[in-house]
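Below is a short briefing on one protein model.

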Amino acid sequence: MQTIVFIETNKSGSSREAFKAAERLGYFTVLLTNRQKLIHQRTEFPDIHQMILVDTSNYDELRNNISKLQKQGKQIKGILSFVDPFVHVAAALSEEFCSTVVSTEAIFKMENKVLTRELLKDLPMSSFYKIYTPDDSLEDFIEQSTEHLPLIVKSPTSAGSKDVLLANDRNQLKQAMQKLLEKNEQILLEEYLDGPQYLIEVLVHNGTITIVAVVEQQITFTQRFIVTGYCLLPYINERLYYSLLETVGSIIRAFQMKNGACHLEMRIVDGMWKLIEMNPRIAGGAMNRIIEVGLGINLVEETIQLMLGHKPNLTSKHHKYVYAHYLTVDSRGKLIKVTGKENSTQYPGVEEVFIKPRQGQFVRPPLSMGDRCGYILASSDYKEEAIRRAMDAASEIRFHLDPI
């Protein structure tokens, strides 16, 4: 029985869609997870053929469970993860148990933002950064950093805007660092870059770099930087595209990635591409659906093909603008009900309406991407119309809360 093992998944989004893609490709799917809640909701995941409760932070326990699967007669063709921080763990296990082509060392460096900054420090897309370690005096470090304010303060392993704070003055810098030092030994300070931000989805096959999608991001800042809008750009200015391809190429070559998937978040600052961060996987949430609706490419499926040693098919089948508007709430509370979903689906061009929280679940204004409450996906042959369609449909949605 040809089997693909996945380490962790979210209940929706790119990581969830990977199971559906693997099943379509004819593989038996196994999930290794430490989330007991998923086990209890087993019937909601028909395309996950086997779930195993395991301590996913314990490498030996993961190895032992994969060995047991082999003894059961399952042919392990790939071990994958589309969830931070398990992408490298999955790649290392795949290297051990399968004939893998994935660039494991590159993935390891991409998962850590300090290693990424150090690797790219001499390249033009890099910007000012500084690393705090336990050997440093906190007061001296803060004093030496104030001349570079405003600064972004990050955990080296942050994902989904978790543990990413903005410091505009010395007091905010000290508070942000003290907060992150409760959970981290190292802290990464980065120059705050102002300019339009883009997410770039990339696949690398046998050293050939393909920019699969360029997505313009709409960022809302309250307590955190939260992406509330994604606009797929099926067409991009030729000069801009080739400058982007050159920049992305130099980054990928620095990592010596020969086979793998990644996405980069970049800003254009004074006409130059600057790297905000990168991750060795497709972006989560609606990204796979955005690309599928706009270009006809199922990127998680093609990533699986790549990881199994096959050539991915990255030829666009069509070109449409797609806008995903993410829904958030303004106050804390327990969700009583959501109204307007049926109406919003009737709007022209609306491809999907997804509501994440269930009745009775606690919701709050977003402190990370995971706090977003769903999205409206709309498409059009015109950019502004795709945006307008999504926003108009979103105006129908109401989250009714019991305040806490």
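Which residue in strand 10 is the bridge partner of Gln-197? The partner is Gln-217. The model is predicted, so local features are given only at pLDDT of at least 70 and side-chain atom pairs only at pLDDT 80 or more, while totals for chains, interfaces and linings use all residues. Residues are numbered from 1 along each chain as its sequence is written, and side-chain values use heavy atoms, with hydrogens and water left out.

**Sheet**
- Strands (E, at least two residues) and helices (H or I, at least four) are DSSP runs numbered from the N terminus.
- Eight strands form an open sheet with antiparallel pairing, in the order 13-12-9-10-11-14-18-16; two strands pair if DSSP finds at least two bridges between them.
- Strand 13 (272-279) and strand 16 (350-355) are at the edges with a single partner strand each, so one side of each has no neighbour in the sheet.
- On average, neighbouring strands of this sheet are turned by 25 degrees against each other, direction ignored; axes are lines fitted to C-alpha atoms, for helices over the stretch in contact, and angles between N-to-C directions run from 0 to 180 degrees.
- Strand 9 (residues 197-205) pairs with strand 10 (residues 208-221) in the antiparallel sense over 9 bridges.
- Helix 13 (residues 383-394) lies across several strands, including strand 10 and strand 18 (374-380), and runs at about 145 degrees to strand 18.

**Cores**
- A nonpolar core is a set of buried Ala, Val, Leu, Ile, Met, Phe, Trp, Tyr and Cys residues joined through side-chain atoms within 4.5 Å; buried means under 20% relative accessible area (1.4 Å probe, protein chains only).
- The largest nonpolar core has 93 residues, and Tyr-230, Met-266 and Ile-304 have the most contacts inside it.
- Another core, of 19 residues, lies apart from the largest one and includes Val-5, Ile-66, Val-83 and Val-89.

**Helix 6**
- Lys-113, Val-114, Thr-116, Arg-117 and Leu-120 are buried in helix 6 (residues 113-120).
- These residues are on the same side of helix 6 because they cover an arc of only 160 degrees around the axis, taken from the directions from the helix axis to the C-beta atoms.
- Among the elements they pack against are helix 5 (104-111), helix 9 (238-255) and strand 13.

**Asp-371**
- Asp-371 lies in the loop between strand 17 (362-363) and strand 18.
- Asp-371 is buried, because its relative accessible area is 17%.
- The side chains of Asp-371 and Arg-364 are joined by a polar contact of 3.0 Å; a polar contact is a pair of N or O atoms within 3.5 Å, where within protein one must be able to donate a hydrogen and the other to accept it, and residues adjacent in sequence count only if both atoms are side-chain atoms.

Conventions
Buried means under 20% relative accessible area, exposed over 50%, partly exposed in between (1.4 Å probe, protein chains only). Contact means heavy atoms within 4.5 Å.
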